[in-house]
Amino acid sequence: MNDTDLLNDFSTNYLKEIVGANNVLTRKTDTLEYLKDWSGSYSGEAIAIVKPGSTDEVSKVIKYCREKKISIVPQGGRTGLCGGGVPIAGPSAIVLSLMRMNTVRNLDIVGRTIVVEAGMVLEALQNEVAKENLLFPLMFGAKGSCSLGGNLATNAGGSNVVKYGTTRELCIGIEAVMPDGAIINALTGLRKDNSGYDIKNLLIGSEGTLGVITAAVFKLFPQPLIRKTAFLSLESIDAALLTLNMVQDQLGDSVEAFEYVPQPVIDVICLAFPHIRSPLDSAADVGVLLEVSSCRPSDAESTSSSSSRIESELFSILEKLMKDGLILDAVIAASEQQRNDFWRFRESVLESINAYGPSYHFDISLPLSSLSTFLHEADLKVHKLGFETLTIGHLGDGNLHYALANHSREHWDTLPINKAKDDVLQILKKLGGSFSAEHGIGVSKIEIMQAHKDPAQLNVMQTIKSSLDPDNLFNPGKLLPFRNGLNLGY
Ligand SMILES: Cc1cc2nc3c(=O)[nH]c(=O)nc-3n(C[C@H](O)[C@H](O)[C@H](O)COP(=O)(O)OP(=O)(O)OC[C@H]3O[C@@H](n4cnc5c(N)ncnc54)[C@H](O)[C@@H]3O)c2cc1C
């Protein structure tokens, strides 16, 4: 394709009339960045990138696309790891980038809620509410680029779910444009509303297949007065879970993060970033990044030993668990700088694994009591097949990012990847786990969805999709496998 307009003049002019001439991109040099995701693994073609500035504009664009049978790929920050936000399937598609819609519509300090537009970047929202000493807790490595619309559409998780829940639990209202162009306004922010089906929850996690989320109401929380962060080396996964329970029992709901970062992953991070030091000098076969926080002034007060109350209590718990042999080594961050270093270490995992060599990533969840059995059985199977495993996870939620990897591309190409995937999925199924914990399905897990999702649930999803979007124009080829052998996505 040349550097020329790809839409016919009539369509281009009409879309430009709706959103403004500068907000319809058709030249290849302008569109390129919108056509591939963060990982670079997924890319596609579109006839235009359309960037609306209001909900009304979104509705008009959608009505027009429906009339012309043009597919729509809603897009936020393109940090989704499953290929959902870039066009892949469909004869002709526009990318609908929400990133211009990025304002705060209302901040209710008394009600501790905020109404924001879908294109607002997660970190921008966090900075905004921090000015009022409030917290929006969703936390993960892509916070500086991902959008709240994308967070809702994928029901994003991250490291604070153990305390605050997923995006679904943080959202109490939504505004969206449905496939027929109708605007749903459910931005009341009511904490109780039992007036029929919950459309908000239908759209959360729908990955752009049922409509475009344009705004939402989120819950806010008080900013913690104090945070304490520790890196632990534990005797086993079960010892780690006992530690989690013990800290939760003794420090109330203070645990904000309980992240699994074992030694093989620590080695890969240190290899990719030689200037970064592991938090512990000793080996941490079962390494955990633990963070506790409190809003209570009494927890932040200094004790006789001049540390805060929460720190001395945490110290006593860790000391006892060390005496019991569950914890082998531990370090508590002594400064904000050291805390940031621990988190930078944790957040460089994905880049480090990618730099290490080729890999295949499972994003799975299991009952906490089955985590160690899963790791034992899955590692045994795939190591025998010649794979290395690099596993991290949000351990407190039972969510593992389990990667099959190999340092050598040449060796990787000879390995039986499909057999390894099957083996892992069988073990997961036997233990009652889910093959998709927090990143969604996109295109990357569509075959697994077809093979492993409960057929009755899949059927309900496909029925909802075909009734709301009968022409299959919304993000075709994503989330839902083909129905009746037709390449329609429903
Ligand atoms: C370094 C890194 C770390 C990450 N860590 C985590 C993690 O810990 N937990 C986690 O859950 N995810 C994580 N992710 C994945 C990703 O950041 C999330 O999935 C995020 O929610 C995607 O937001 P986005 O704005 O980038 O969406 P995009 O990638 O643009 O889109 C994702 C999906 O949402 C749809 N969509 C986007 N906006 C809208 C809208 N307004 N209306 C309807 N549909 C829409 C798209 O069509 C697509 O299907 C990580 C990613 C990276 C790169």
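Student: Are Phe387 and Trp412 buried or exposed in this model?
Tutor: This is a predicted model, where local features need pLDDT of at least 70, side-chain atom pairs count only at pLDDT 80 or more, and totals for chains, interfaces and linings use all residues. Residues are numbered from 1 along each chain as its sequence is written, and side-chain values use heavy atoms, leaving out hydrogens and water. With a 1.4 Å probe and protein chains only, buried means under 20% relative accessible area, exposed over 50% and partly exposed in between. On that scale, Phe387 and Trp412 are both buried.

Student: Why is the pair of Phe362 and Tyr402 called tilted?
Tutor: The whole structure holds 8 aromatic pairs, meaning Phe, Tyr or Trp rings (six-membered ring for Trp) with centres within 6.5 Å; planes under 30 degrees apart are stacked, over 60 edge-to-face, the rest tilted. The centres of Phe362 and Tyr402 lie 6.3 Å apart, so the pair is tilted because its planes meet at 45°.

Student: How many residues apart in sequence are the parts that Phe362 and Tyr402 tie together?
Tutor: Helices (H or I, at least four residues) and strands (E, at least two) are DSSP runs numbered from the N terminus. Phe362 belongs to strand β16 (residues 359–365) and Tyr402 to strand β18 (residues 399–405), so the parts tied together are apart by 40 residues.

Student: Which side chain of opposite charge is nearest to Glu57?
Tutor: Glu57 sits in helix α3 (residues 55–68). Lys and Arg count as positive, Asp and Glu as negative, with His and chain ends not counted; a salt bridge needs a Lys or Arg side-chain nitrogen within 4 Å of an Asp or Glu carboxyl oxygen. Glu57 is buried and has no salt bridge; at 4.2 Å, the nearest side chain of opposite charge is Arg100.
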